[in-house]
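I opened a new page for this chain.

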Amino acid sequence: MYLSNYFFYAIIPMLLSLWAQAKVRGTYSKYSQIRTKTGVTGAEAARKMLDVHGLSDVTIERVSGTLTDHYDPSKKILRLSEGVYSSNSVAAVGVACHEAGHAYQDADQYHWLSLRTNIIPLVNFGSMLGPILFMVGLVFSGFLGRFGQTLSYAGVIIFGLSAVFAVVTLPVEFNASSRAKAWLSNTGLLYQDEQEGVADVLQAAALTYVAAAIQAITNVMYYASFLNRNNRRR
Ligand SMILES: [Zn+2]
């Protein structure tokens, strides 16, 4: 029972996550080889997309690493990785416009993004305190009795905020990609087949967020099942 629980809650989601990461790397590297026919780079496309929405105050910076691209709402900076910033590949334009999509969400006060930003401190606190409560409750359960059990369950629930975060991330990511694709379909920067390439890249990226959410949820379920089993035994 214990092993099958572990297999169901931990191994399968981990394999799913590894598969999704391999898929996004493969898709990204495939479309990194395909140049845009207009020659537009990631940074140029993102700049255009931002300016059209009246976001000329958002600056674009280069950041080291691969797929480290992100938008920083607190500083209004869009950071693009080396392989995206100056590259004129289909993948680069897709990723850059997805990040510009996050800047759009910020400007429009898109509620899922606001919620996601607001719960970050709570999630960080929970992922620190949750495991501590869980362990203390478990280790001292003989000594603390029922209170120890309650403490452990409280730990699981607080730790569960990380799963809430991973789930709230989903609409934020899907919506940023939709905004990127919608904008690209209206600009003439990319041809039809290139737009399909962008859709492929963004769909693969979305898959990694789905896998991460499943992993976060099953992780919490695993801790809960561990407690249930432990309590049934005593
Ligand atoms: Zn994103």
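Which residue takes a positive phi in the hairpin of β2 and β3? I looked it up: K76 does, with phi near 55°. That hairpin has four residues between the strands. I note here that I am working from a predicted model.

**Overall layout**

I counted elements next. The protein chain has nine helices and three strands. From the N terminus on, I read the order as α-α-β-β-β-α-α-α-α-α-α-α. I checked the extent of the C-alpha trace along its principal axes: about 70 × 35 × 25 Å. Buried residues make up 37% of the 234 residues. I also looked at contacts between residues at least 6 apart in sequence. Of these, 74% join residues at least 24 apart.

**The sheet**

In what order do the three strands sit in the open sheet? I find β1-β3-β2, with mixed pairing. The edge strands are β1 and β2, and each pairs on one side only. From one strand to the next, the twist averages 25°.

I then took the two pairings in turn. β1 (residues 59–63) runs parallel to β3, and five bridges link them. In that pair, T59 stands opposite I77 of β3. β2 (residues 70–72) runs antiparallel to β3, with three bridges. Here Y71 has L78 of β3 as its bridge partner.

**Helix α2 and its cover**

I moved to α2 (residues 42–52). Eight of its 11 residues are buried, so I call α2 mostly covered, taking buried to mean 20 or more other C-beta atoms within 10 Å. I listed the buried ones: G42, A43, E44, A45, A46, R47, M49 and L50. E44 and R47 are on that list too.

What covers these residues? The cover includes β1, β3, α3 (82–85), α4 (90–107) and α8 (161–187). Just after α2, I noted that G54 takes a positive phi of about 75°.

**Helices against the sheet**

I checked which strands each helix lies across. α2 lies across β1 and β3, and runs at about 160° to β3. α4 lies across β2 and β3, at about 165° to β3.

**α2 against α4**

How do the axes of α2 and α4 meet? They come within 8 Å and cross at roughly 30°. Angles under 35 degrees count as roughly parallel, and α2 and α4 are therefore roughly parallel to each other. The crossing is right-handed.

I wrote down both faces of this contact. From α2 come G42, A43, A45, A46, M49 and L50. From α4 come A92, V93, V95, A96, C97, E99, A100 and A103.

**The nonpolar core**

Which residues have the most contacts inside the largest nonpolar core? They are A46, V93, A96, C97, A100 and V201, in a core of 54 residues. A46 is also in the α2 side of the helix contact, and V93, A96, C97 and A100 are in the α4 side.

Leaving out residues up to four places away in sequence, A100 touches A46, M49, L50, L78 and A180. L78 is the bridge partner of Y71. A46, M49 and L50 are among the buried residues of α2.

**α5 against α7**

The axes of α5 (residues 111–139) and α7 (residues 146–159) come within 7 Å and cross at roughly 160°. That makes α5 roughly antiparallel to α7. α5 passes α7 in a left-handed crossing.

Which residues make this contact? On α5 I listed G126, S127, L129, G130, P131, L133, F134, V136, G137 and L138. On α7 I listed G148, Q149, L151, S152, A154, G155, V156, I158 and F159.

Definitions and conventions:
Residues numbered from 1 in each chain as written. Predicted model: local features only at pLDDT ≥ 70, side-chain atom pairs only at ≥ 80, totals over all residues. Pairing = 2+ DSSP bridges. Helix = DSSP H or I, 4+ residues; strand = E, 2+ residues; numbered from the N terminus. Core = buried A, V, L, I, M, F, W, Y, C linked by C-beta atoms within 7 Å. Buried ≥ 20, exposed ≤ 12 C-beta atoms within 10 Å, placed from the backbone. Contact = placed C-beta atoms within 7 Å. Axes fitted to C-alpha atoms, helices over the stretch in contact; angles between N-to-C directions. Parallel < 35°, antiparallel > 145°, perpendicular 65-115°, else oblique. Left-handed = near helix turned anticlockwise from the far one by under 90°.
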